[in-house]
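The stops below are given in the order in which to select them.

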Amino acid sequence: MRAWWVTAALAAVLFGAISCGPQQGSPDRTDPGTAAPVSIIRRGNEITLSGDVPDPAAKRALLDAVITSTEDLTVIDRLRVAPGATAPDFSVSAPVFEAAAVIGDFTVRMTGDTVTLAGTAAKAPEAAAVADAAEDAWPRAEILNELVVSSPATR
(Lines give C-alpha, C1' and ligand atoms only; values in the text may rest on other atoms or scores of the structure.)
Protein backbone atom coordinates (compact mmCIF):
# COMPACT_ATOMS: atom_id res chain seq x y z
CA MET A 1 0.00 0.00 0.00
CA ARG A 2 2.88 2.34 0.87
CA ALA A 3 4.50 1.74 -2.52
CA TRP A 4 1.24 2.71 -4.20
CA TRP A 5 1.20 6.06 -2.35
CA VAL A 6 4.82 6.75 -3.30
CA THR A 7 4.00 5.98 -6.92
CA ALA A 8 0.90 8.19 -6.81
CA ALA A 9 2.85 11.07 -5.25
CA LEU A 10 5.62 10.77 -7.86
CA ALA A 11 3.03 10.70 -10.63
CA ALA A 12 1.41 13.85 -9.22
CA VAL A 13 4.80 15.59 -9.11
CA LEU A 14 5.56 14.54 -12.68
CA PHE A 15 2.18 15.68 -13.98
CA GLY A 16 2.50 18.90 -12.00
CA ALA A 17 5.93 19.60 -13.47
CA ILE A 18 4.67 18.93 -16.99
CA SER A 19 1.69 21.27 -16.61
CA CYS A 20 3.75 24.10 -15.09
CA GLY A 21 5.26 25.15 -18.40
CA PRO A 22 3.67 27.65 -20.76
CA GLN A 23 0.90 26.20 -22.85
CA GLN A 24 1.06 26.80 -26.54
CA GLY A 25 -1.68 29.11 -27.74
CA SER A 26 -2.71 30.23 -24.25
CA PRO A 27 -2.57 33.91 -23.38
CA ASP A 28 0.03 35.22 -20.95
CA ARG A 29 -1.98 35.55 -17.73
CA THR A 30 0.04 38.03 -15.71
CA ASP A 31 -2.77 40.42 -14.75
CA PRO A 32 -4.07 39.51 -11.28
CA GLY A 33 -7.49 40.76 -12.34
CA THR A 34 -7.78 37.97 -14.92
CA ALA A 35 -6.59 35.12 -12.72
CA ALA A 36 -9.06 32.27 -12.43
CA PRO A 37 -10.25 31.50 -8.89
CA VAL A 38 -8.83 28.36 -7.31
CA SER A 39 -11.41 25.60 -6.92
CA ILE A 40 -11.06 22.33 -5.06
CA ILE A 41 -13.97 19.98 -5.74
CA ARG A 42 -14.34 16.59 -4.09
CA ARG A 43 -16.74 14.00 -5.42
CA GLY A 44 -16.29 10.77 -3.46
CA ASN A 45 -12.65 9.72 -3.78
CA GLU A 46 -11.84 12.15 -6.59
CA ILE A 47 -10.61 15.69 -6.07
CA THR A 48 -10.24 18.16 -8.93
CA LEU A 49 -8.01 21.21 -8.48
CA SER A 50 -8.40 24.08 -10.94
CA GLY A 51 -7.61 27.76 -11.26
CA ASP A 52 -4.52 29.94 -11.22
CA VAL A 53 -1.79 29.92 -8.58
CA PRO A 54 1.04 32.46 -8.38
CA ASP A 55 4.01 30.09 -8.66
CA PRO A 56 5.08 26.43 -8.80
CA ALA A 57 5.70 26.39 -5.02
CA ALA A 58 2.06 27.35 -4.33
CA LYS A 59 0.90 24.67 -6.74
CA ARG A 60 3.09 22.04 -5.07
CA ALA A 61 1.93 23.09 -1.57
CA LEU A 62 -1.75 22.71 -2.55
CA LEU A 63 -1.16 19.37 -4.24
CA ASP A 64 0.74 18.09 -1.19
CA ALA A 65 -2.01 19.25 1.19
CA VAL A 66 -4.70 17.47 -0.81
CA ILE A 67 -2.75 14.28 -1.57
CA THR A 68 -1.81 13.73 2.08
CA SER A 69 -5.31 14.43 3.43
CA THR A 70 -6.68 10.91 3.04
CA GLU A 71 -5.96 7.51 1.52
CA ASP A 72 -7.31 6.12 -1.75
CA LEU A 73 -7.74 9.49 -3.40
CA THR A 74 -7.54 10.37 -7.08
CA VAL A 75 -6.33 13.94 -7.68
CA ILE A 76 -6.98 15.69 -10.98
CA ASP A 77 -4.61 18.64 -11.36
CA ARG A 78 -5.92 21.42 -13.60
CA LEU A 79 -4.04 24.18 -11.80
CA ARG A 80 -2.15 26.74 -13.88
CA VAL A 81 0.78 28.87 -12.79
CA ALA A 82 -0.03 32.51 -13.49
CA PRO A 83 2.51 35.01 -12.16
CA GLY A 84 0.62 37.79 -10.43
CA ALA A 85 -2.28 35.56 -9.39
CA THR A 86 -3.25 35.83 -5.74
CA ALA A 87 -3.99 32.88 -3.50
CA PRO A 88 -3.90 32.09 0.21
CA ASP A 89 -0.90 30.30 1.70
CA PHE A 90 -1.42 26.66 0.78
CA SER A 91 1.50 25.41 2.88
CA VAL A 92 -0.77 25.52 5.96
CA SER A 93 -3.92 24.11 4.32
CA ALA A 94 -3.51 20.36 5.01
CA PRO A 95 -5.65 20.44 8.21
CA VAL A 96 -8.58 21.83 6.19
CA PHE A 97 -8.53 18.89 3.77
CA GLU A 98 -7.91 16.39 6.58
CA ALA A 99 -10.98 17.68 8.45
CA ALA A 100 -13.02 17.61 5.22
CA ALA A 101 -12.04 14.03 4.37
CA VAL A 102 -15.39 12.81 5.74
CA ILE A 103 -17.39 15.14 3.46
CA GLY A 104 -17.84 13.41 0.10
CA ASP A 105 -19.05 16.52 -1.76
CA PHE A 106 -16.66 19.07 -0.24
CA THR A 107 -15.74 22.15 -2.28
CA VAL A 108 -13.53 25.17 -1.71
CA ARG A 109 -13.50 28.24 -3.92
CA MET A 110 -10.82 30.88 -3.42
CA THR A 111 -11.34 34.25 -5.02
CA GLY A 112 -9.00 37.00 -3.89
CA ASP A 113 -9.30 37.24 -0.10
CA THR A 114 -12.48 35.15 0.07
CA VAL A 115 -12.56 31.41 0.75
CA THR A 116 -15.94 29.71 0.32
CA LEU A 117 -16.50 26.29 1.89
CA ALA A 118 -19.39 24.12 0.71
CA GLY A 119 -20.62 20.56 0.99
CA THR A 120 -22.85 18.34 3.09
CA ALA A 121 -21.56 17.03 6.41
CA ALA A 122 -23.23 14.14 8.20
CA LYS A 123 -22.85 15.84 11.59
CA ALA A 124 -22.52 19.42 12.81
CA PRO A 125 -19.12 18.81 14.48
CA GLU A 126 -17.68 17.69 11.12
CA ALA A 127 -18.75 20.95 9.46
CA ALA A 128 -17.48 22.97 12.42
CA ALA A 129 -14.08 21.24 12.31
CA VAL A 130 -13.64 22.17 8.64
CA ALA A 131 -14.65 25.80 9.23
CA ASP A 132 -12.33 26.05 12.26
CA ALA A 133 -9.43 24.54 10.29
CA ALA A 134 -10.02 27.03 7.44
CA GLU A 135 -10.05 29.98 9.84
CA ASP A 136 -6.81 28.74 11.43
CA ALA A 137 -5.15 28.13 8.06
CA TRP A 138 -6.15 31.41 6.46
CA PRO A 139 -6.71 33.96 9.26
CA ARG A 140 -6.55 36.97 6.91
CA ALA A 141 -9.13 35.59 4.47
CA GLU A 142 -12.85 36.05 4.69
CA ILE A 143 -14.22 32.53 5.25
CA LEU A 144 -17.73 31.99 3.88
CA ASN A 145 -19.05 28.81 5.45
CA GLU A 146 -21.75 27.32 3.23
CA LEU A 147 -21.37 23.82 4.67
CA VAL A 148 -24.69 22.19 5.53
CA VAL A 149 -25.54 19.29 7.80
CA SER A 150 -27.72 16.58 6.34
CA SER A 151 -30.92 15.89 8.17
CA PRO A 152 -31.47 12.39 9.61
CA ALA A 153 -34.16 11.77 6.99
CA THR A 154 -31.73 12.32 4.08
CA ARG A 155 -28.92 10.07 5.36
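Is arginine 60 buried, partly exposed or exposed? Select this residue and show its surface: with a relative accessible area of 22%, arginine 60 is partly exposed, because the buried class covers values under 20%. Keep in mind that this is a predicted model.

Arginine 60 and aspartate 64 form a salt bridge, with 2.9 Å between the closest N and O atoms. Both residues belong to helix α2 and sit four residues apart, about one turn of the helix. Aspartate 64 is partly exposed as well, at 35% relative accessibility.

Stay on helix α2, residues 56-67, and select lysine 59. Its side chain meets that of aspartate 77 in a salt bridge, 3.4 Å from N to O. This pair links distant parts of the chain, since aspartate 77 is in strand β3 and lysine 59 in helix α2, 18 residues apart. Colour the two by accessibility: lysine 59 is buried, with a relative accessible area of 1%, and aspartate 77 is partly exposed at 21%.

Next, follow strand β3 (residues 74-81) to arginine 80. Which residue does the side chain of arginine 80 meet in a salt bridge? The partner is aspartate 52, at 2.9 Å from N to O. Aspartate 52 lies in strand β2 (residues 46-53), so the pair ties together parts that are 28 residues apart in sequence. Aspartate 52 is buried, with a relative accessible area of 0%, whereas arginine 80 counts as partly exposed at 28%. The salt bridges in the model come to three.

Move on to strands β5 (residues 114-121) and β6 (residues 142-149), which pair in the parallel sense over eight bridges. To get from β5 to β6 the chain passes through helix α4 (residues 124-137), and this β-α-β crossover is right-handed. Within the pair of strands, select glycine 119 and look across to leucine 147 in β6, which stands opposite.

Finally, zoom out to the whole chain. How many helices and strands does the chain have? There are four helices and six strands, in the order α-β-β-α-β-α-β-β-α-β along the sequence. The chain has 155 residues, of which 36% count as buried. Of the contacts between residues at least 6 apart in sequence, 69% join residues at least 24 apart.

How values were computed: Residues numbered from 1 in each chain as written. Predicted model: local features only at pLDDT ≥ 70, side-chain atom pairs only at ≥ 80, totals over all residues. Heavy atoms only, no water. Pairing = 2+ DSSP bridges. Helix = DSSP H or I, 4+ residues; strand = E, 2+ residues; numbered from the N terminus. Right-handed = clockwise from strand over helix to strand, strands pointing away. Buried < 20%, exposed > 50% of the residue type's maximum accessible area, 1.4 Å probe, protein only. Contact = heavy atoms within 4.5 Å. Salt bridge = Lys/Arg side-chain N within 4 Å of Asp/Glu carboxyl O.
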